[in-house]
Amino acid sequence: MLKGPDVCARADMHGDVAGANILVAANGVLKIADFGASAQLRGTATDAADTCSMRGTPFWMAPEVIKQERYGRAADCWSCGMTMIEMATGTHPWPKATNKFSLMYEIASTDHLPIDNLPPELSPVCREVILKLIDRKVEARMTAAEALNHPFLSSVASLSAQGLPRELS
């Protein structure tokens, strides 16, 4: 899943990474779909100053997107972290949100992160990746390339390459 934003880092930003936009092939390969919210970056645009319109699905949106601040590929990394939470819990990452307005306030204006419902059996290294992907400070947020090189994801990639069962905990 993080290979998508990493590959997109060359020119595009997806803008709507969410569980519903992740397709799983019969062989277990993940593909990112629905590029309707994607933005192609031109010229000297940087990761921190790519666009400022609100795009995406609110439960997975980064704070800077909701605030309509300038944002870039780091917003896709936030969404990947939220998607990992969704995969670990089986529900969207903000289950206590009662409507889109309270949800967007929670994401944009509080310090709360939706990690309360993470299963206790989730490994510390997996939790670490999630927390680094959903860092509220854009400049501190883990990039897709950094996440792919993290011990948790590199070990999962290694198991996948060997054709062994993939255990994500």
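User: What average pLDDT does the chain of this predicted model have?

Analyst: The chain of this predicted model averages a pLDDT of 75, and 61% of the residues score at least 70. Confidence is highest in helix H5 (residues 124–133), at a mean of 95, and lowest in strand E4 (residues 39–40), at 44. Over residues 4–11 the pLDDT is below 50; beyond near neighbours in sequence, that stretch has 16 contacts in the model. Residues 164–169 also stay under 50, with 13 contacts beyond four places in sequence.

User: Why is the pair of Phe 59 and Trp 60 called edge-to-face?

Analyst: The ring centres of Phe 59 and Trp 60 lie 5.9 Å apart, and a pair requires centres within 6.5 Å. Their planes stand at 75°; an angle over 60 degrees counts as edge-to-face, so the pair is given that name. The structure holds one aromatic pair.

User: What makes Trp 60 buried, and what makes Phe 59 partly exposed?

Analyst: Buried means under 20% relative accessible area. Trp 60 has 10% and is therefore buried. Phe 59, at 22%, counts as partly exposed, because that class runs between 20% and 50%.

User: How do you know that the span of helix H3 agrees with its number of residues?

Analyst: At 1.5 Å a residue, the 17 residues of H3 (residues 73–89) should span 24 Å. The end C-alpha atoms are 25 Å apart, which agrees. Gly 90, with a positive phi near 80°, follows H3.

User: Why is H3 described as largely enclosed by the rest of the structure?

Analyst: Of the 17 residues of H3, 14 are buried, so the helix is largely enclosed.

Note on methods: Residues numbered from 1 in each chain as written. Predicted model: local features only at pLDDT ≥ 70, side-chain atom pairs only at ≥ 80, totals over all residues. Heavy atoms only, no water. pLDDT = per-residue confidence, 0-100. Helix = DSSP H or I, 4+ residues; strand = E, 2+ residues; numbered from the N terminus. Contact = heavy atoms within 4.5 Å. Phe/Tyr/Trp six-rings, centres within 6.5 Å; stacked < 30°, edge-to-face > 60°. Buried < 20%, exposed > 50% of the residue type's maximum accessible area, 1.4 Å probe, protein only. Expected span 1.5 Å × (residues − 1).
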